[in-house]
Amino acid sequence: MMKKKPVEENMKKLFWVPLMLAFVVGTTATAWAAPDIGPLPTIKYDKKKAALGKRLFYDPKLSGDAAISCASCHIAGKGFAEGVDLGKAYPGTKHFRNAPTLINTAQKKKAGIPWFWDGRIGTNLNDVTRNEIVETIVLNMDMRIMQERLKQQPDYVKMFKDVGFSEPSNGAVRKLIPEFLKSLQSKNVPFDQGKLSKSAKKGMKLFKGKANCIACHNGSMFSDGKAHILGVAENPKIFKDPLRHVTMKASNKFLGVQNQHNLRFDVGAHSVSKMADGSDYRSFMTPTLRELRDTAPYMHNGMLASLDDVINFYNNGGGIDPNKDRALKKLGLTKSEKGNLKAFLLSLSGDKLTGSKYVVSKKEIMNMMQPYKAIPNWHNTKN
Amino acid sequence: MKYTKLLFSLLIAFGLTMPLAAQAKSLGVGDPDDDAPIAALDMSKLSNPADNITTPEKAELGMLLYFDPRLGGDASVSCATCHNPKDGWAFGDSICRGYPGTVHWRNCQTVVNTGFYKKLFWAGSTPSLESQVFSAANGGVAGNGERDVMEARLEMIPEYVKRFKQVFGRPLPQIQDFARAVAAFERTLNDPNTPFDQYMRGDKKAMTKAAKRGMGLFNGKANCIECHNGHFFTDEKYYNIGVGAPPEFTESGMQQISFRFEIFAKGTKEKDYRTLKDDPGAYYRGKDPAMKGKWRTPTLRYLTFTPPYFHNGTAYTLEEVVDFYNNGGGENHFTKTAGNKTKILKKLGLSDGEKGDLVAFLESLTSKVQVRNDLVQSNPTLPSYAPLANDKYTVLPPSAKVPFYHYPNGKKAAFVSISVAGK
């Protein structure tokens with residue numbers, strides 16, 4: 001009798017199979033679809049352009065009032081992060097988020113990890129460079145003035161020519177700084193080299209298993225490129241210091257976040273996804289775990305001072321939030337397991353990038369800081 | 001009948017010759033309009049837009065904002081930095097200092113009496129004080145502020161929140177209202193009782209004899225009235241009088257940066273960007289090559305407090321200005337390339353005594369004491385930032401009965417927990 005069931009009915013049953021499959025996949029995606037962790041691919045870059053990009057990275061001429069540079073908040077000795085919970089930001093303001101590392105940042109492109117804690121900008125480093133130069137609370141620079149500042153300095157004119165640009169320009173800067181960013185690649189990372197200590201190896205097992213860090217920190221960049229709600233406590237400095245609250249407000253205004261005056265928390269990636277019910281409030285992009293040895297304090301607002309704090313935070317199943325990510329559960333790690341996990345996390349950091357390739361010399365600084373000279377025979381020289 | 005015919009023919013003749021006469025006059029001197037006679041400042045002509053009526057409270061708020069450096073990029077320069085009360089509400093150097101790390105490229109004008117202008121800025125690029133505020137506050141070599149940050153700063157200053165609410169009736173300060181308040185304040189900065197104004201209103205002793213002689217020259221031999229006419233001493237039209245490029249353009253590296261930035265930013269063809277060495281002024285309004293090097297006639301009121309003169313501050317004293325016109329104006333890049341020097345200017349042949357009289361008259365267009373001398377003597381005390389109260393919470397789903405602000409070590413934070421949604 002069963003065999004005589006109409007074909008249509010069987011077809012109806014079959015119709016549900018992909019839907020059910022999709023449901024199963026959807027609910028358990030984070031658990032089993034995580035791409036494995038692995039070593040980073042090498043990124044090719046133009047060394048000459050990167051060297052000029054380095055100088056621009058350190059030059060305060062790239063900020064509105066010529067007071068700060070990219071390097072003011074992305075410090076080589078601090079893993080190209082800032083080493084403080086919340087960033088400095090442009091004079092007259094203070095930032096409301098932590099400045100993340102720039103090392104390996106060019107890898108985000110292939111890994112598909114959008115930029116900034118809220119992921120509001122894609123992976124195009126040219127865009128990112130422009131954004132940070134013109135952003136009011138970062139460098140607050142009219143790039144047309146920047147271009148003319150560079151053109152006024154003879155050594156820059158020569159250097160831009162040497163790397164193939166006809167003259168210093170807005171567009172050239174947006175190509176050169178990314179070239180320097182590409183040069184910021186992890187070196188001699190024990191994990192990539194397969195030189196893990198016993199403890200770190202145990203830690204890796206925990207990372208992939210019991211602690212389930214890999215659910216979000218996966219792929220060669222240790223990030224799924226998605227936003228998650230962890231329940232990290234708000235940094236009270238933001239609300240106690242009006243100069244910090246100002247930058248948060250300005251950012252929310254600019255990104256069209258509703259009810260900005262009453263918010264007493266960082267909306268995070270809600271500024272992009274804008275769920276009407278606020279279920280995406282306080283979600284933040286999964287950051288890379290690479291080079292974290294030098295980039296404390298941690299989280300989007302620097303509320304966790306050390307790696308131990310971070311491990312304890314996750315061991316407790318994260319913080320408190322009505323919409324906390326369900327992947328977070330109490331882990332029940334023993335003291336030695338925590339130690340092993342920490343050893344593994346530390347194995348993701350390589351040599352410090354503090355050589356002359358990454359930091360400007362005194363001579364370069366002296367050249368950079370020369371006062372502008374008038375162009376000789378100005379009336380007969382092309383602008 | 002005879003008389004009516006005669007009257008008719010007379011009327012027709014009059015009607016025919018009048019426009020011709022006017023036209024002949026305009027062709028002769030390059031100014032198509034009849035010149036309004038100079039007169040006492042007519043306060044009824046002060047702008048008072050329907051959407052931004054001046055009130056004392058609004059002007060008071062605008063005054064505070066005018067002096068507040070937080071309405072700029074790095075919170076170090078305010079309107080008053082470059083339009084400094086101590087310098088005649090202008091800037092006492094040829095070219096304005098500009099934003100930190102930059103320099104401006106033009107002379108800074110006084111804000112006194114500006115409520116009478118219909119075209120603001122040297123190139124007449126802005127029609128109202130309200131829009132002028134943003135050109136200054138946001139410009140890269142001026143205030144370099146951004147509206148979102150400036151508005152956020154206002155929201156963090158309780159005194160401003162209160163005053164904005166009182167004046168504009170909105171729950172929070174809005175950045176457009178910042179411009180409205182500053183414009184309202186600027187409209188209160190007027191100098192209507194100069195010796196000249198008193199003289200014109202009947203006090204024949206208000207002006208010196210020299211100044212009275214100077215007025216005769218102004219209206220006659222020197223023909224200043226051709227452009228500087230009416231109660232506000234300007235026809236607000238555009239002329240190239242041949243003021244040369246300032247020495248700063250050739251001598252200062254910083255100045256060259258701003259020069260190139262400006263011609264680039266204002267939208268110049270590449271050929272012009274590469275070759276321009278002087279400021280084309282009103283050219284940028286309509287990009288008509290014949291407009292290169294032309295500037296809107298400025299008022300002559302408040303001159304005494306506002307040297308140096310001209311759009312690039314190349315004349316330091318009124319004597320220099322009078323000498324310039326006595327020589328029939330000057331020559332600059334554009335008088336040569338566009339051939340557009342105004343035909344109004346001719347050698348005047350003024351004697352030294354006449355020049356002195358003319359200067360005396362020009363000085364009679366300013367009061368002896370500055371406008372709002374109280375603000376010249378001392379800047380107002382500005383209200384401070386304060387953290388926002390923590391008793392306002394965002395609407396959350398009713399299930400959100402959780403301590404919201406906490407430290408990871410389990411300690412409760414200074415912030416209170418949320419218990420009721422939408423409180």
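The model is predicted: local features need pLDDT of at least 70, side-chain atom pairs count only at pLDDT 80 or more, and totals for chains, interfaces and linings use all residues. Residues are numbered from 1 along each chain as its sequence is written, while chains are lettered from A and ligands numbered from 1 in the order in which they are written.

**Chain B overall**

- Chain B holds 17 helices and 2 strands. Both are DSSP runs numbered from the N terminus: helices are H or I with at least four residues, strands E with at least two.
- Of the 423 residues in chain B, 46% are buried. Buried takes 20 or more other C-beta atoms within 10 Å of the residue's own, with C-beta atoms placed from the backbone.
- A contact is a pair of C-beta atoms, placed from the backbone, within 7 Å.

**Nonpolar cores**

- The largest nonpolar core has 135 residues, and Phe178(B), Ala181(B) and Val182(B) touch the most other members. Such a core is a set of buried Ala, Val, Leu, Ile, Met, Phe, Trp, Tyr and Cys residues joined through C-beta atoms within 7 Å.
- Helix H7 of chain B (residues 175–186) gives the most to this core, with 8 residues.
- A second, separate core of 34 residues includes Met204(A), Leu206(A), Met303(A) and Val310(A).
- Leaving out residues up to four places away in sequence, Ala181(B) touches Lys58(B), Leu61(B), Gly62(B), Leu65(B) and Val167(B).

**Interface of chains A and B**

- On chain B, 57 residues are in contact with 51 residues of chain A.
- H11(B) supplies the largest share of chain B's side, 8 residues.
- That side divides into 31 nonpolar, 15 polar and 11 charged residues. Ala, Val, Leu, Ile, Met, Phe, Trp, Tyr, Cys and Pro count as nonpolar, Asp, Glu, Lys and Arg as charged, and the others, Gly among them, as polar.

**Helix pair H5(A) and H11(B)**

- The axes of H5(A) (residues 143–151) and H11(B) come within 9 Å and cross at roughly 140°. Axes are lines fitted to C-alpha atoms over the stretch in contact, with angles from 0 to 180 degrees between N-to-C directions.
- The two helices are therefore oblique to each other.
- Residues of H5(A), including Arg144(A) and Glu148(A), meet residues of H11(B), including Arg260(B) and Phe264(B).
- By class, this contact has 5 nonpolar, no polar and 5 charged residues.

Terms used: A residue is buried if 20 or more other C-beta atoms lie within 10 Å of its own, exposed if 12 or fewer, and partly exposed in between; C-beta atoms are placed from the backbone. Two residues are in contact if their C-beta atoms, placed from the backbone, lie within 7 Å. Angles under 35 degrees count as roughly parallel, over 145 as roughly antiparallel, 65 to 115 as roughly perpendicular and the rest as oblique.
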